[in-house]
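I set out to look up a handful of local features and to note each one as I went. The entries below follow the order in which I worked.

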Amino acid sequence: MSGQLAAISNGTAVSTPSPSPPFRPSQGSIRLNALWFLSLCLSLTCALIATLMQQWSRNYLRMAQAHCSDPAAQARMRAFAFDGVSKFHMSHALELVPLLLHISVFLFFLGLIEFLFPINNTVMFVVLGFVIVVVCTYLLLTIFPLSCLNFPYSTPLSPLVWRLTDFPARVLSTLHWLTLTIFRLCSAYKWDMKRWQDARDDTLFNVPSVYHQFRIGLTKRFISHAVHADVSVLGKQLIQELDTTEDVDEIEAFFEGMHAALAVDKAFSPVVKYLVENQMLLSFRFQCLFDSCDSMVPEPTRQRRALVGVRAVWDVFSLKPEDHPFRLLVGAPFEGASAKSWFLAMVPLLRHEERTVAVAARCIQAIVASNAVTKHLPEDMVDLDALTSLVNPPRGLDHAVCDMDGLRANGGLLILVNLLADLAIPLRASDALSAQIARIVGEVVPWLFPPWELRRRVVPAVHDALVDARAFVFALADGQAQGNERPSVDSTRRSTVAAANQRPGAFSKLVEEVCALAAFVGDEPRHGLCG
């Protein structure tokens, strides 16, 4: 303006400036703004959808949990609300939010590269390298779960990519089907259409299809693989759960669920066998459960925990009895008030309707009693009456355990005599349970030996009862036990280890242990009694 006024005052011609060209944004600016504004719109859309989802969820909870005086009407309201959620695929709408947010992030990355490209190549290449790493990682996280179904990292695109494989899988399946069909028509059926029509159901339409595994959804295939996974997968998880819990109620629920699973589905046995490999962990948890069965808890709870523990111990032992001794699984205490509480907790189970429960409870009592009697304690820590109640001497043999030396000399022998008398009926049965009982009793016998210096304190009546018990065991091994009749000592001396070996190893082991105990107490050579 000032230049024009000066020119007019001087009488010179005024030059008119040429008009500026219209503004035209560059193609890079257009791409940049399109990418960033689209990213912004998607981010705001995600925020809006997330807000709507919260509102829809609150509406669903309000309708599903609406209080109504009529329980039937309330159940119908809940079912009606859930039917709407299922019918209109609310779960798919929830999956849309993270997908849109991921797309927004990648659009922002593309716009950032476009923005840096005309400014500085060095900065652009650094950012581009980072974006490439992120994109490659994202693609791997999208594709890898399709082959490794328990891979914990995935993206919202994984189910979509799974569905996109449907078409090539269908093509491969069709080619496979056609190739095999032509091969069988040419080779097996010689173009005999009559034979082909008769056999087509068994040959053509039962061809394993490549397409079949893609025809089901990714979630269903995950469930199928999980059900048929190796037993070590579930076994490791169970071990971790059992190792991390110390709450008695959780331990009880664990063993109760294990027993229920074995009762319903025998296919669960391999999982428990894998779990049994951690024998010390199981033994410690059994001990925690039985220790809680003391007089401080209500009687129903005490009986329930004892029943759950006994069933679980027997389930574990019966799976592999030759590898996992019953005595080690129980982990019974050697002293203290817990021994008495364990013993008393088994009393209600001795008449349980399940034979295995009654047998296991009686064997646990014998293990607890043998631990308490054979444990050498100082005089001031010994409760003679409590130990005597664990031994439970037969009528007329109370004098054998009147003092501590007598208890240590005769207590273990009386425990064996009582145990064989109580388990005589199931031992006579020619079934798997009798062999398992014989194996358990054979585990208990080595712990019933009296101290060497107290062998002379064994009273004659107890020694005679031990001889009768030995005779009964030999008769069992020989298959001669009939009814309530017990064989005489003479028939026992005519028995040999060879006769005992006619029964499976459990009875032969029991005969060997009882024979050794009788020889030790009677100061007789083992070969004189057993062979």
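**Aromatic rings and other local features**

I began with phenylalanine 115, whose relative accessibility of 35% makes it count as partly exposed. The model I am reading is a predicted one, and I kept that in mind for every entry.

I then asked how many aromatic pairs a search of the whole structure finds. The search finds 16 aromatic pairs, and I looked up one that includes phenylalanine 115: its ring centre lies 5.7 Å from that of tryptophan 36, with the two planes at 35 degrees, so the pair is tilted. Because tryptophan 36 belongs to helix α2 (residues 27-64) and phenylalanine 115 to helix α4, the pair ties together parts that are 79 residues apart in sequence. Tryptophan 36 is also partly exposed, with a relative accessible area of 28%.

Next I looked up the pair of phenylalanine 255 and phenylalanine 286, whose ring centres are 4.5 Å apart and whose planes stand at 20 degrees, so this pair is stacked. Phenylalanine 255 sits in helix α12 (residues 248-264) and phenylalanine 286 in helix α14 (residues 279-291), so the pair ties together parts that are 31 residues apart in sequence. Both phenylalanine 255 and phenylalanine 286 are buried.

Which residues do ring pairs link into a cluster? I found Trp36, Phe106, Phe108, Phe109, Phe115, Phe130 and Tyr138 in it.

**Charge over rings**

I turned to arginine 455 and noted that its charged end sits over the ring of tryptophan 452, at 3.7 Å from the ring centre. The charged end of arginine 455 also sits over the ring of phenylalanine 520, and there the distance to the ring centre is 5.3 Å.

**Cysteines**

I searched the whole structure for disulfides, and the search finds zero of them.

**Backbone angles**

Last, I looked at phi angles, and I noted that histidine 89 has a positive phi of about 55 degrees although it is not a glycine. Histidine 89 lies in the loop between α3 (71-87) and α4 (90-116), and with 46% relative accessibility it counts as partly exposed. Asparagine 392, which is not a glycine either, has a positive phi of about 55 degrees, and I located asparagine 392 in the loop between α19 (384-391) and α20 (404-422).

Conventions. Residues are numbered from 1 along each chain as its sequence is written. This is a predicted model: local features need pLDDT of at least 70, side-chain atom pairs count only at pLDDT 80 or more; totals for chains, interfaces and linings use all residues. Side-chain values use heavy atoms; hydrogens and water are left out. Helices (H or I, at least four residues) and strands (E, at least two) are DSSP runs, numbered from the N terminus. Buried means under 20% relative accessible area, exposed over 50%, partly exposed in between (1.4 Å probe, protein chains only). A disulfide is a pair of cysteine sulfur atoms within 2.5 Å. Rings of Phe, Tyr and Trp (its six-membered ring) pair if their centres lie within 6.5 Å; planes under 30 degrees apart count as stacked, over 60 as edge-to-face and the rest as tilted. A charge sits over a ring if NZ of Lys or CZ of Arg is within 6 Å of the ring centre and within 35 degrees of the ring normal.
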